[in-house]
Amino acid sequence: MTRTYTKKPVWTWVCDECFVEVDLGRTQNHLPSPDEMRERGWFIAVLFGDKCPTCVAKAGEGNE
């Protein structure tokens with residue numbers, strides 16, 4: 001095994017419906033907060049069920 005640099009983030013937000021990944025940061029503390037993700041159009045669930053803006057629009061859900 002060789003250790004090498006990778007461009008793929010270590011931490012990412014994933015839509016639990018369509019599984020789209022948003023590559024956001026190499027460390028967890030660099031990820032946007034749930035409130036910042038809501039501002040970007042994501043539905044952020046309490047435990048499970050985060051949805052990307054596309055799935056939110058398809059379902060007609062808001063970010064309440």
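**The core and beyond**

Modeller: The largest nonpolar core has eight residues: Trp 13, Cys 15, Leu 31, Met 37, Trp 42, Ile 44, Cys 52 and Cys 55. A nonpolar core here is a set of buried Ala, Val, Leu, Ile, Met, Phe, Trp, Tyr and Cys residues joined through side-chain atoms within 4.5 Å. Buried means under 20% relative accessible area, exposed means over 50%, and partly exposed is in between (1.4 Å probe, protein chains only).

Biologist: And where does this model come from?

Modeller: It's a predicted model, where local features need pLDDT of at least 70, side-chain atom pairs count only at pLDDT 80 or more, and totals for chains, interfaces and linings use all residues. Residues are numbered from 1 along each chain as its sequence is written, and side-chain values use heavy atoms, with hydrogens and water left out.

Biologist: Back to the core, then. Which residues does Cys 52 touch, leaving out those up to four places away in sequence?

Modeller: Cys 52 touches Cys 15, Cys 18, Val 20, Gly 41 and Trp 42. Contact means heavy atoms within 4.5 Å.

Biologist: How does the chain's radius of gyration sit against a compact globule of 64 residues?

Modeller: The chain has 14 Å, while a compact globule of that length would be near 11 Å. The radius is taken over C-alpha atoms, and the globule rule is 2.2 Å times the number of residues to the power 0.38. Along the principal axes, the C-alpha atoms fill a box of roughly 45 × 20 × 20 Å.

Biologist: What share of the 64 residues counts as buried?

Modeller: That's 25%.

Biologist: Salt bridges next. How many are there?

Modeller: Two, where a salt bridge is a side-chain nitrogen of Lys or Arg within 4 Å of a carboxyl oxygen of Asp or Glu. One is Lys 51 with Glu 17, with the closest N and O atoms 3.3 Å apart. That pair links distant parts of the chain, 34 residues apart: Lys 51 is in the loop between α1 and α2, Glu 17 in the loop between β1 and β2.

Biologist: Is Lys 51 buried or exposed?

Modeller: Lys 51 is buried, at 15% relative accessible area, whereas Glu 17 is partly exposed at 42%.

Biologist: And the other pair?

Modeller: Arg 38 and Asp 35, at 2.8 Å, N to O. Both lie in helix α1, three residues apart, which is about one turn of the helix.

Biologist: Changing topic: which residues form a nonpolar patch on the surface?

Modeller: Val 46, Leu 47 and Phe 48 do, with about 470 Å² of accessible area together. Patches take residues with over 30% relative accessible area and no salt bridge, joining like charges within 9 Å and nonpolar side chains (Val, Leu, Ile, Met, Phe, Trp, Tyr) within 5 Å. Areas come from the Shrake-Rupley method with a 1.4 Å probe, and for residues only the protein chains shown count as cover. Leu 47 is exposed at 82%, in the loop between α1 (34-39) and α2 (53-59).

Technical notes:
Helix = DSSP H or I, 4+ residues; strand = E, 2+ residues; numbered from the N terminus.
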